Amino acid sequence: MILALNAWWGLATAAGAALAYALLALATPRLGSGTIRGLLLAAWLLHALTLAEGLLGTPPRFGFAPALSMTVWLVLTVYAIESRLLPQLRAHWALAGMGSAVVILSLVFPGTSYHVIASPWLPLHWALGIASYGLFAAAVVHGWLMTRAERAIRLATQSNAGVPLLTLERLTFRFVEAGFVLLSATLLVGWLFAETLHGPGLAWKWNHKTVFSVLAWLVFAGLLAGRARLGWRGLKAIRVLYLGAGLLLLGYAGSSFVIEVILRRT
């Protein structure tokens, strides 16, 4: 399956991205800030080229592993922007480890070939869905940092997050709100233009992807309503966030993993 990559540079950029991420994840305590930024930028660019090779190749390929890879790349993009605004934010080692893992995973499982795309609007539908994945993943990362900071406060120890708890909470829910808007748009487009997007006779269906995605939407809607009306905060809110993110992950990546790897269907 690794040989399914369309060009030698696809393998080279993927290997370079995985190596740069791995170095960053393993050697962060011994690296200076300038070296960390340089490695992160190099890994991010190589990762972007790897994604472009799969999506823009002939034929384009997509599946559960490329979806996870793009999600992590979007989270790293958000982190890179945030770290300029909040230099004290420290999560690059964990994100780099995730980046290395998903790049290698997408090499092993490059996805399904798409020789014909039913509608020129289908890539937009995919883009909305993947962007919502990325924003919710960023919310999960910030929620994890928030949990660590809250635990450090309870234990009267120094937090490794580097950002005040209230700031992390505010960022977490900003990402949840933005992700909810994009997920809503994804579902709305899929419902209104299902036949146009996927071809004649392929209207909206209540399959596993649809069910998990709608359940995730309901959980996130409940989370935002609970925060606005009932003041949900802290561990309760983070648990609901994790539940919604888990359902959303099952909606595409999990379902595609079963189809591509376990059932070996395209």
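## Arg227, Glu169 and the salt bridges

In this predicted model Arg227 is partly exposed, with a relative accessible area of 28%, where partly exposed covers the range between buried, under 20% relative accessible area, and exposed, over 50%, as found with a 1.4 Å probe on protein chains only. Its side chain meets that of Glu169 in a salt bridge, at 3.5 Å from N to O; a salt bridge here is a side-chain nitrogen of Lys or Arg within 4 Å of a carboxyl oxygen of Asp or Glu. The pair links distant parts of the chain, since Glu169 belongs to helix α6 (residues 165-192) and Arg227 to helix α8 (residues 208-230), 58 residues apart. Helices (H or I, at least four residues) and strands (E, at least two) are DSSP runs, numbered from the N terminus. Glu169 itself counts as buried, at 7% relative accessibility.

The side chain of Glu169 also meets that of Arg233 in a salt bridge, with 2.7 Å from N to O. Because Glu169 lies in helix α6 and Arg233 in the loop between α8 and α9 (234-262), this pair ties together parts that are 64 residues apart in sequence. Arg233 counts as partly exposed, at 48% relative accessibility, and Glu169, Arg227 and Arg233 are linked in a network of salt bridges. A search of the whole structure finds 3 salt bridges, one of which joins Glu177 to Arg174, with the closest N and O atoms 3.8 Å apart. Both Glu177 and Arg174 lie in helix α6, 3 residues apart, about one turn of the helix. Glu177 is partly exposed at a relative accessible area of 32%, and Arg174 is likewise partly exposed, at 49%.

## Basis of the values

Residues are numbered from 1 along each chain as its sequence is written. Because this is a predicted model, local features need pLDDT of at least 70 and side-chain atom pairs count only at pLDDT 80 or more, while totals for chains, interfaces and linings use all residues, and side-chain values use heavy atoms, with hydrogens and water left out.

## Overall layout

The chain holds 9 helices and 2 strands, and from the N terminus on its elements run α-α-β-α-α-β-α-α-α-α-α. Of its 266 residues, 45% count as buried. Among contacts (heavy atoms within 4.5 Å) between residues at least 6 apart in sequence, 77% join residues at least 24 apart.

## Nonpolar cores

A nonpolar core is a set of buried Ala, Val, Leu, Ile, Met, Phe, Trp, Tyr and Cys residues joined through side-chain atoms within 4.5 Å. In the largest of these, which has 51 residues, the members that touch the most other members are Tyr21, Phe136, Val176, Phe220, Leu223, Leu241 and Leu248. The helices α1 (8-27), α2 (33-56), α3, α4 (92-108), α5, α6, α8 and α9 each supply at least two residues of this core, and the largest share, 9 residues, comes from α5. Apart from this core lies another, of 6 residues, including Phe62, Ala67, Trp73 and Ile130.

Tyr21, in helix α1, counts as buried at 0% relative accessibility. Leaving aside neighbours within four places in sequence, Tyr21 is in contact with Ala43, Trp44, His47, Leu76, Ala96, Gly99, Ser100 and Val103. Thr172, in helix α6, is buried with a relative accessible area of 1%, and touches Ala139, His142, Gly143, Met146, Ile238 and Leu241, not counting residues up to four places away in sequence.

## The second largest cavity

By class the lining has 5 nonpolar, 1 polar and 1 charged residues, where Ala, Val, Leu, Ile, Met, Phe, Trp, Tyr, Cys and Pro count as nonpolar, Asp, Glu, Lys and Arg as charged, and the others, Gly among them, as polar. Leu95 and Tyr21 are 74 residues apart in sequence and 8.4 Å apart in space, C-alpha to C-alpha.
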